[in-house]
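Q: I have a two-chain model open. Can you show me how to read the contact between the chains?

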Amino acid sequence: MSGLHFELVSPVRLLFSGEVASVQLPGTEGDMGIFPGHAPVLSTLRPGVVVISREQGAAEKIFVRGGFAEVNPAGLTVLAETAIPLAELDAAALAGQVKDAEEDVADAKDAETRRRASENLEHLKDLQRSM
Amino acid sequence: MPSLKDLRNRIASVKATRKITKAMQMVAAAKLRRAQEAAVAARPYSQRMAAVLSNLASSMEGRPDAPRLLAGTGRDDVHLLVVATAERGLCGGFNSSIAKLAREHADRLIGQGKTVKIFTVGKKGNDSLKRLYGKYIVEAVDFRSTRSVGFGNAQSVAQKILAMFDAGDFDVATLFFAEYKSVISQKPTALRLIPTSVGGGKAPDLGGAIYDAEPDEGEILADLLPRNVAVQIFRGLLENAASEQGARMSAMDSATRNAGDMINKLSIKYNRQRQAQITKELIEIISGAEAL
């Protein structure tokens with residue numbers, strides 16, 4: 001089996017497109033590793049880091065927020081509202097994201113959206129601590 | 001009959017105008033290229049989103065627990081028209097053609113006895129609609145302070161629309177914008193935002209397998225549908241940005257040409273008149289000399 005075709009798109013641009021060995025995704029219900037030949041899956045993503053491993057060379061890490069992943073026989077597609085390569089993500093940018101998430105929590109009108117927004121906020125704060 | 005001095009002033013002022021329109025055309029051309037690139041860069045996201053949605057939507061079809069954003073409220077009484085236009089004028093028929101399409105829609109809906117609400121995005125659309133349809137305008141935003149529209153702008157508009165939908169303020173939302181075809185042609189388009197129109201994307205061939213959804217399909221849809229509204233608005237705004245620059249470029253191009261024509265005509269008139277004056281003076285001198 002040859003590599004996995006992986007695409008990462010944000011509304012602003014196509015961030016990544018190509019063959020990779022595997023991709024690690026921060027799924028809402030737990031992290032997933034996607035290897036070539038994975039069964040079709042749809043999943044929402046929590047704010048976190050997508051790790052792209054290639055046959056050779058260092059793994060590429062990209063921060064995503066508001067994401068969604070689809071695996072089909074053609075490959076893996078990740079749609080993310082915000083996607084920033086981890087190298088470009090600094091403490092200030094992350095603080096901005098945390099602030100956004102806090103506003104989401106404040107804006108939430110019903111319990112369900114508030115629960116979701118505060119979950120997102122927790123994940124972001126985890127990430128902030130780990131940096 | 002204007003005097004020679006009047007003509008000279010006139011030519012100078014038309015020349016100044018030509019310089020301005022020429023500069024605006026070149027600025028628009030540069031901005032158009034950037035706007036086009038942005039529109040092209042955003043395309044993959046909306047295409048993939050459409051594919052995923054049409055996939056999921058077909059599995060939810062007919063189910064009573066289908067999200068309201070997909071199935072609609074079951075009524076068709078209150079229509080929200082989201083009219084996206086530019087912030088500035090001097091771009092040919094761009095703003096007025098979008099406003100005209102929205103007006104036609106509004107008139108038709110009012111004629112059918114439905115309630116119409118208008119949400120304007122962009123200053124020009126608001127200006128041209130508020131005179132006759134002011135009482136229908138429920139919300140107006142403009143991006144005058146932002147230099148180029150980003151996804152954040154689209155998101156803020158989407159959030160307002162979704163909040164109105166959640167509050168039960170309308171049943172159907174339609175977005176009006178100009179689709180960018182080419183520099184000389186921009187097509188005013190109406191796109192239904194809510195309930196979400198699916199069927200744009202082609203579902204991938206799974207070879208008999210079915211998707212394993214995590215969490216379940218309903219929850220994924222509930223997460224994706226509001227996002228899709230933002231994506232559609234973003235796409236509309238980007239198309240609009242490219243169309244606006246295209247329209248401005250061709251409008252300014254013809255304005256520059258017209259100014260050139262006018263300068264030619266005025267110059268001919270000026271030369272004729274100068275010649276006539278010289279001839280007249282000569283005749284006066286000659287006839288004066290003959291009279292002696």
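Q: How many residue pairs are in polar contact between chain A and chain B?

A: Keep in mind that this is a predicted model. Between chain A and chain B, three residue pairs are in polar contact, with both residues at pLDDT 80 or more.

Q: Which elements give two or more residues to the side of chain A that touches chain B?

A: In chain A they are β1 (4-9), β5 (41-45), β7 (60-72), β8 (75-85) and α2 (111-130). The largest share comes from β7(A), with six residues. By type, that side divides into 13 nonpolar, seven polar and eight charged residues.

Q: How many salt bridges cross the interface of chain A and chain B?

A: The rule finds two. In a salt bridge, a side-chain nitrogen of Lys or Arg lies within 4 Å of a carboxyl oxygen of Asp or Glu. Take Arg48(B) and Glu7(A): their side chains meet at 2.8 Å, N to O.

Q: How is the size of an interface often given?

A: Often as the accessible area lost when the parts come together. Here chain A and chain B bury about 2,500 Å² between them. Carbon and sulfur atoms hold 62% of it. On the chain A side, Pro11(A), Leu42(A) and Glu81(A) lose the most area to chain B, together 25% of what that side buries. Counted as residues in contact, the interface has 28 from chain A and 29 from chain B.

Q: Which strand of chain B is joined to β5(A)?

A: Look for bridges between strands. Three of them join β5(A) to β6(B), residues 212-214, and the two strands run parallel. Within this pairing, Val41(A) stands opposite Asp212(B).

Notes:
Residues are numbered from 1 along each chain as its sequence is written. Chains are lettered from A and ligands numbered from 1 in the order in which they are written. This is a predicted model: local features need pLDDT of at least 70, side-chain atom pairs count only at pLDDT 80 or more; totals for chains, interfaces and linings use all residues. Side-chain values use heavy atoms; hydrogens and water are left out. Contact means heavy atoms within 4.5 Å. Buried area is the accessible area (1.4 Å probe) that two parts lose on being put together, summed over both. A polar contact is a pair of N or O atoms within 3.5 Å; within protein, one must be able to donate a hydrogen and the other to accept it, and residues adjacent in sequence count only if both atoms are side-chain atoms. Helices (H or I, at least four residues) and strands (E, at least two) are DSSP runs, numbered from the N terminus. Ala, Val, Leu, Ile, Met, Phe, Trp, Tyr, Cys and Pro count as nonpolar, Asp, Glu, Lys and Arg as charged, and the others, Gly among them, as polar. Two strands pair if DSSP finds at least two bridges between them.
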